[in-house]
Amino acid sequence: MKSLDLNLLRALDALLATGSVTKAAERLHLSVPATSHTLARAREAMGDPLFVRAGRRLTPTPRALAMKPVIARLLADADALIAAPGEQDFATLECRFVVRAPDGIVVAYAAALTLALREVLPLATLHLVPEAHSDRSALREGRIDLDIGNFSGHDPEVEVIELLQYAQLGAVRADHPLARGRRTAQRYAAATHVAVMPRGGETSAVDEALAQRGLMRLVALTVPSSYAALVVAARSTFVATASERIVRAMAPALGLFVFELPFELPPERQLMAWHPRHNSDPAHRQLRTLVQRVLAGALPLIASR
């Protein structure tokens with residue numbers, strides 16, 4: 001089976017451009033004998049003379065002329081393959097990023113993140129998928145490109161950084177009793193609550209904090225996401241407690257009254273994880289940088305009434 005290495009293609013490209021072994025040698029930074037030897041190898045590999053003498057110049061054969069656009073395309077692809085990260089043309093790069101993120105990130109930041117990404121990578125698309133707390137190998141297996149959330153377990157080789165820390169806030173309808181008067185841990189616990197299903201193997205920080213005070217809340221309904229909890233609170237007399245990122249994003253549209261919890265809770269950590277095989281990928285690095293910048297942009301606070 002015949003083979004053709006990249007050096008032969010570069011030599012043919014130079015010969016096609018110059019029509020001279022001497023000028024091709026100068027372009028390739030080779031000696032004239034070395035370039036002549038390379039031409040001989042190419043002739044043998046192709047089974048064609050490729051170039052014939054026409055006075056002082058070399059004239060390409062029909063076979064060589066037919067190969068010219070193919071050689072140019074192959075060399076361009078090879079150069080792109082070995083290009084340094086900074087040399088990659090983001091304007092023509094088509095890529096699809098799959099990002100796993102909680103609903104709060106989707107609601108609060110998805111539009112801003114997509115617009116920021118397309119400013120840098122105009123042909124990029126973003127595909128957001130919901131959290132899956134039992135699926136810890138998605139990064140390793142390449143099913144997702146980035147994982148965002150408050151997760152505690154992941155493959156040991158995965159890169160993880162902290163993006164932000166959030167407080168948790170309470171949210172009720174504007175006519176709810178907790179929207180008036182002094183809010184205490186006792187009043188909060190005595191109300192009827194809609195809770196967000198905890199991650200596998202984890203307990204509710206709210207219930208732990210109340211238990212330390214000898215209190216217990218009545219959870220009448222448990223839903224899979226913070227977004228669902230806030231919608232339920234807007235349509236009932238239940239109290240929802242969720243991360244401030246989604247409460248601040250959704251409260252105005254849902255007409256919710258937002259308040260700080262009347263007891264201390266540890267902040268919720270927002271993490272970002274990716275597999276180290278993407279460390280040197282310039283497009284993936286742009287995505288990670290933009291996630292950090294977009295999430296660091298402060299949302300306006302909603303003042304308690």
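This is a predicted model: local features need pLDDT of at least 70, side-chain atom pairs count only at pLDDT 80 or more; totals for chains, interfaces and linings use all residues.
Local features require pLDDT of at least 70 and side-chain atom pairs pLDDT 80 or more, while totals for chains, interfaces and linings use all residues. Residues are numbered from 1 along each chain as its sequence is written, and side-chain values use heavy atoms, without hydrogens and water.

Eight salt bridges are found in the whole structure. A salt bridge is a side-chain nitrogen of Lys or Arg within 4 Å of a carboxyl oxygen of Asp or Glu. One of them joins Arg100 and Asp147, at 2.8 Å from N to O. Arg100 lies in strand β3 (residues 96-100) and Asp147 in strand β5 (residues 146-149), so this pair ties together parts 47 residues apart in sequence. Strands are DSSP runs of E, at least two residues, and helices are runs of H or I, at least four, numbered from the N terminus. Both Arg100 and Asp147 are buried (under 20% relative accessible area; exposed is over 50%, partly exposed in between; 1.4 Å probe, protein chains only).

Glu268 pairs with Arg245, with the closest N and O atoms 2.8 Å apart. Glu268 belongs to strand β12 (residues 268-274) and Arg245 to helix α9 (residues 244-254), so the bridge connects parts 23 residues apart in sequence. Glu268 is buried at 13% relative accessibility. Arg245 is also buried, at 5%.

Helices α2 (residues 21-28) and α3 (residues 32-46) pack at about 105°, with axes 9 Å apart. Axes are lines fitted to C-alpha atoms over the stretch in contact, and angles run from 0 to 180 degrees between N-to-C directions.
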